Structures are given as structure tokens and as C-alpha cells.
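Please keep the sequence and the 3D view open while going through the points.

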Amino acid sequence: MPTAQSNGCPIHYEIEGDATKPVLMFCNSLGTNLHMWDGQMPEVLKHFRVIRYDRRGHGKSGVPAGPYTMEMLGRDALAVLDAAKVEKTNWCGLSMGGMVGMWMGANAPQRVNRLILSNTSAYFENKQIWNDRIALVKEKGLQAVVQGTLERWFTAGFRAREPQTVKQIADMFLATKVEGYIACGEAVRDMDHREMIKTIKAPTMVIAGKQDAGTTPEMAEAIAKNIPGARLTLFDAAHIANIECGPAYTAAVMDFLTK
């Protein structure tokens, strides 16, 4: 089981594919692990060597005491690249993975080729939403927020059509360590990338879900407007667009990365 060490925290990662191909690194949302990208893997591996990893506090990675910061999480990603002996990668991050991607693009530009920022935001003006969610999880655990999370993550139509897929994501969410969820939630709450993203030079695609109430199309537009040359792609989805619109999402990602 490959493990990178980042400031004393073990970070679990997996690397797959032809070592002669360019590298693509995936980064997950809050409350998921690296398997949230399973649907993308068959097509992506035709063109890329792929690195996936569990953010600290998630999956098989360590759970040091919080709070965490976006800089800390960005340095974890760099530690994974170093452990995998990868100098430069393409990046596809969804939600919190997009937030880490913004940090990477601004602070480690020499390590990033192309950048995909999916269903994400550079800043949350309303801190109380995060404070309330964190307080509820501290008091009652992730079970108290799982239903509301699934309703934000997937449209009603998708939840009705794909109950088994939604259950798999619910199980993944509930398997997350409470301490890791809280510490990462604090990092999201306290993040402000609004000025930082103006310095990103990597070719960037921003993805949004038309029905995403958590990281809205307007938030995506703000990111795209502040990164020179960024393009915006919309899907008829809620928050976890890579699962809800799997084949179309994968095709858009591959088109951006290979043309």
C-alpha cells in the first residue's frame, strides 16, 4: 500500500497505468475517498498514468488532530507527487479537491500542467453554514448529516434512478472519520482563494452543476473569470457531477486534457 509522509501524516495513494504516459492526479470531495473516481478510470487509463489519494482524515490516510488548512492539504498533495516521483501532473479535483487544486495552481505552478476545478468555490461568505454543520457532526456524528448531504450531492432524479450508486456513496461518507471530516470542514470554512487564483497560469477548465446548491454555477463563474483563459463547462447535475453525469463528464475531462 503506497504511502507518502507529509508533516508526520501518512497519506495513502494509488498509482495505476503506463509509466510512459502523462500523469493525471484526482482529488476527492469532503467525505469521500479515492474510489469516487472509479467510474472515470477505464477511459482515463487509456491516455494517462493516474494517481488517486485519500486526503488526510479520509480513507486509509492518517487522521492527525485538526484544524487543517488548505496549505497543509496542498502540501499533502505535493508529498504524494514526491513519493510517486512525479515532477508534473494534470489535476482534476472536485469540491474540496478543486480547492486544493487552486492552491496547487497558485503555489506550485511548476508541478501542474493542466487544471480541472470541478463543483467548487474559491470562498464561502456564509461561515455559519459550516459552523452549524461542524457543530452537528461533533454532537451527533455523520449520520446526522448524511441525508442532507446526499440531497445536495445528487438531484432527485438521479437518486431515484440510481439508488445503489447513492447508497455506495452514503456508505463511503459514513466511513469517513468524524475528526477528519471536521478538520477538513474547518479548512473549507476558513479558505479564501479569491486573490490567489488570479495568479494561476495553467490552462484551466472549471466545471459546475446547474443544480448544485452547495458550490453554485455563480461560484464557478467567479473562479473562471479570475483565472486568465479559463473555460467554464456546465452539466445538468448537482454536486458530484463526475458520478451523476459519468460518461459525459469523463468525455469533457478527456477532451480538455488531450486536445
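What radius of gyration does the protein have, and why does it agree with that of a compact globule?

1. The model is a predicted one, and its radius of gyration is 17 Å, which agrees with the value near 18 Å that a compact globule of 259 residues would have. Along the principal axes, the C-alpha trace spans about 45 × 40 × 35 Å.

2. The chain forms 11 helices and 8 strands, and of the contacts with a separation of 6 or more, 77% are made by residues 24 or more positions apart.

3. Of the 259 residues, 56% count as buried, while the accessible surface comes to about 10800 Å², with 51% of it belonging to carbon and sulfur atoms. As for charge, there are 29 positive and 27 negative side chains, and the centres of these two sets lie 3 Å apart.

4. Strand β3, which covers residues 23-27, deserves a careful look, because 5 of its 5 residues are buried and the strand is therefore largely enclosed by the rest of the structure. In a regular strand, side chains alternate between the two faces of the sheet. In β3 both faces are covered, with Val23, Met25 and Cys27 buried on one side and Leu24 and Phe26 buried on the other.

5. Which strands pair with β3? Strand β4 (residues 49-53) pairs with β3 in the parallel sense over 4 bridges, and strand β5 (residues 89-94) also pairs with β3 in the parallel sense over 4 bridges.

Note on methods
Residues are numbered from 1 along each chain as its sequence is written. This is a predicted model: local features need pLDDT of at least 70, side-chain atom pairs count only at pLDDT 80 or more; totals for chains, interfaces and linings use all residues. Side-chain values use heavy atoms; hydrogens and water are left out. Helices (H or I, at least four residues) and strands (E, at least two) are DSSP runs, numbered from the N terminus. The radius of gyration is taken over C-alpha atoms; the globule rule is 2.2 Å times the number of residues to the power 0.38. Buried means under 20% relative accessible area, exposed over 50%, partly exposed in between (1.4 Å probe, protein chains only). Contact means heavy atoms within 4.5 Å. Accessible areas come from the Shrake-Rupley method with a 1.4 Å probe; for residues, only the protein chains shown count as cover. Lys and Arg count as positive and Asp and Glu as negative; His and the chain ends are not counted. The place of a charge is taken as NZ of Lys, CZ of Arg, CG of Asp or CD of Glu. Two strands pair if DSSP finds at least two bridges between them.
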